[in-house]
Amino acid sequence: MCGNGFKNGNSRLAAIRTLIKRQTVKQLRCYTVVGVANTLIHITVFSLLVLVEVPAMFANPVAFLVAASLSFIANAKWTFDKPANMKRYILFIGIMGTIAAVSGKLADSFSWHPAVALIVFAGLSWVSGYLGSRFVVFS
């Protein structure tokens, strides 16, 4: 009798693990699509602002806020299926802004080529942004 109960417990645990893996893969896929769209929006807004002669030091934060705000809404609804509210928004912007600042500081401190800085930021923001979103913002 104990053996059957243990076996059923294992199959339930295996089913839960499979469900979690599927959910994680789906979330990562959605988060990646939103991230690519976010990057394109950031580049577009930044380029348009610079085109009308807004200095980069103003254009980049504005472009970041526009893109990150849209990313927050998309991730809340599509990736994590959670309601978007002000507390979550502030947490999300705080996490993503911190990642941007840290990667910028690293780039400046080590005199990285802009392409290297962009690649490092993309990697840091994808991994850290996903983990922060999943376990802090949308938990």
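F72 has 3% relative accessibility and therefore counts as buried (buried is under 20% relative accessible area, exposed over 50%, partly exposed in between, with a 1.4 Å probe and protein chains only). The model is predicted: local features need pLDDT of at least 70 and side-chain atom pairs pLDDT 80 or more, while totals for chains, interfaces and linings use all residues. Residues are numbered from 1 along each chain as its sequence is written, and side-chain values use heavy atoms, with hydrogens and water left out.

F72 belongs to helix α2 (residues 56-79), whose buried residues also include A59, A63, F64, A67, A68, S69, S71, N75, A76 and T79. Helices are DSSP runs of H or I, at least four residues, numbered from the N terminus. After α2 comes D81, with a positive phi near 50 degrees.

The structure holds seven aromatic pairs. Rings of Phe, Tyr and Trp (its six-membered ring) pair if their centres lie within 6.5 Å; planes under 30 degrees apart are stacked, over 60 edge-to-face and the rest tilted. Two edge-to-face pairs are listed here.

| Pair | Centre to centre | Angle between planes |
|---|---|---|
| Y31 and Y130 | 5.6 Å | 75 degrees |
| F72 and Y89 | 5.4 Å | 75 degrees |

Y31 in helix α1 (residues 2-51) and Y130 in helix α4 (residues 114-137) are 99 residues apart, so the pair links distant parts of the chain. Both Y31 and Y130 are buried. The pair of F72 in α2 and Y89 in helix α3 (residues 86-109) also links distant parts, 17 residues apart. Y89 counts as partly exposed because its relative accessibility is 24%.

Ring pairs join Y31, F72, F80, Y89, F92, Y130 and F138 into a cluster.

Terms used
Helix = DSSP H or I, 4+ residues; strand = E, 2+ residues; numbered from the N terminus.
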